[in-house]
Amino acid sequence: MIVTTRVDQTFIHHRRRVTLAAGHEGDRMIEVRGITKRYKDTTAVSDLSFDVHEGVVTGFLGPNGSGKSTTMRMIMGLDAPDEGTATIDGVAYHGLGLPLREVGALLEARAIHPGRSAFQHLWFMAQTNDIPRSRVSEVLEMVGLREVAQRRVGKFSLGMGQRLGIAAALLGDPPTLLFDEPINGLDPEGILWVRNLLKGLALEGRTVFVSSHLMSEMALTADQLVVIGRGRLISAGSVSDFIAESSGQFVRVRSPQGDGLAALLVQRGAHVVRESDGSFSVSGLDAPAIGTIAGEAGLHLHELSPQMASLEEAFMELTRDSVEYRGHDVAGASGVDARTTPLTETRK
Amino acid sequence: MSTDLTYTSHLTATSSHGRVRTRSAVKGEWTKLRSVRSTAWTLLTLAVLTLGVAAIAGVAVSGSWTTMSTVERLSFDPTALSLRGMLFGQLVVGVLGILVMSAEYTTGTIRSTLMAVSSRTKVMFAKIAVMTVLGLVVSEVLSFGAFWLGQALLRSPAPHASLSQPGVLRAVAGGGLVLMVLGLVALGLATILRNTAGAITAYVGILLVLPIIVQALPSSISQPVTKYLPFHISDAMTSVTHVLGNSPSLSPWVGFAVLCGYAAAALGVGTWLFIRRDA
């Protein structure tokens, strides 16, 4: 493990104060405070707190099964948290007057009666919130389902179902929107459309919260990130902060006297990992410091290069401990997991 | 798809200050109910069974009247004969009541429903309201329809019933009411069980299997219990000259009150769970 940064609560609260101070009055936001959700023998979400602000796309990132959907269901008032609160603009979901006009959500795209037409599915929702019939046609047009509006949803492809779910989220023209894995099942053109939609909604000043298990997708769409693993908060902040603060900034070191150098570096507080190719990944000391230590000890250096992990790698490093199920490493295979043979653990 | 679409619409200005009105919630439930084919099929089945059985029974008795024994002739109840199909109707109306709730869970629509109407009491109320009104209209139309059709096909010398005779109007109108209330019992069971197959099993069990089980018990136990079974309550309501084995029955309206109590209990427990459980 190169970095074991656990963003603690003080960091989050600090961030929040900063953002609040910078934001203007009446910032619409989703506030999640210490929510915990337990099922019979597992804790799906544990003491989770974060904010989602208006005007930006906030990515909700975590491996499958990390509690993203459960958290979203709690924000939407479908599941009750065992502890903590989730509010939208200061109000819990149950306190919203006409909910669809305040918050729209795509939770599970396929959670629609297969025998009902797309139009009727949206129409029943619209009626409850006094939304005019014309708006139903409008959102169907927006998501490109106008021609199949009268067709039964059971005949829809996965992508069409996803578009219908997005139409439902947009129905009440809400200032706050949640999307759970919106690009699942979409073709490349659809994925591009969703990215532009999310950005467009944020540009209009809306609060946009979108979950994904794909770091690469979030890197393209999100401005802010909330990263969770096993139901716990791992990181919250801007995408660039996320890379800077939590990605493995380390130095690759090659030396003919590698073991000796590694021992020295560990003494000086570094965290050293032997890679399968014989090099060492050093974190906790920067390249000049490592060079100086090697020089003072009279050890040769064949490589001394600062490395920056990609966003994907950073995500995998951060969530490594929190991935619920993971394939076993194939012996000798290269990759993130095969790399680590920690000599010592000096940082906790 | 152009990317310069704005997503803003022009909803009425009152928007965020309003509340979900009960009337709007009921309208949404009605749209849900009428926009799936299962509703139409269920209602068609209901009509075919209640009217069909009334017709067949009328024709069959007309043909066999002359060969019937004196005892059979004396206990002959032309009203009950025409309403015999209501028992099958009770099974079908149960399916309708069950689907109103269970389809929400089997398809996941419940999440859309609860996101649109966050007050679960209001959702439950809307469902009960729609099921009550639809159930009442359909049940009464079919009950009177079955009566008139059955009587029209019943030929002399077999005696006929008319609504002006004592107890006949009660039997016909009451038969419809029983049908409606059983639909609500089914809705309550489905809310508790949240599963189509489970709810249908429970409903059929209470309606048809329970009487068989009670029958098999020693009469000291079965005797006082039998009259409280929905099957017997329904039978007491739809009969004018009531003879059913040797077990005593509740009077039609007392039985109906007991049946309403069952519906209230099922819906009460269902609503209580509906409010507390995660969707």
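How many bridges join strand 1 of chain A to strand 2 of chain A? Seven bridges join strand 1 (residues 29–38) to strand 2 of chain A, and the two run antiparallel. The model is predicted: local features need pLDDT of at least 70, side-chain atom pairs count only at pLDDT 80 or more, and totals for chains, interfaces and linings use all residues. Residues are numbered from 1 along each chain as its sequence is written, while chains are lettered from A and ligands numbered from 1 in the order in which they are written.

**The sheet of chain A**

- Three strands of chain A form an open sheet in the order 2-1-4, with antiparallel pairing; strands (E, at least two residues) and helices (H or I, at least four) are DSSP runs numbered from the N terminus, and two strands pair if DSSP finds at least two bridges between them.
- Strand 2 (43–53) and strand 4 (83–88) of chain A each have a single partner strand, so one side of each is left without a neighbour in the sheet.
- A:Met29 stands opposite A:His53 of strand 2.
- Helix 2 (residues 68–75) of chain A packs on the sheet and touches strand 1, strand 2 and strand 4 of chain A; residues are in contact if their C-beta atoms, placed from the backbone, lie within 7 Å.

**The helix pair of chain B**

- Residues of helix 5 of chain B, including B:Gly89 and B:Val93, meet residues of helix 8 of chain B, among them B:Leu179 and B:Gly183.
- Helix 5 (residues 86–107) and helix 8 (residues 168–193) of chain B have axes that come within 7 Å and cross at roughly 35°; axes are lines fitted to C-alpha atoms, for helices over the stretch in contact, and angles run from 0 to 180 degrees between N-to-C directions.

Key
Contact = placed C-beta atoms within 7 Å.
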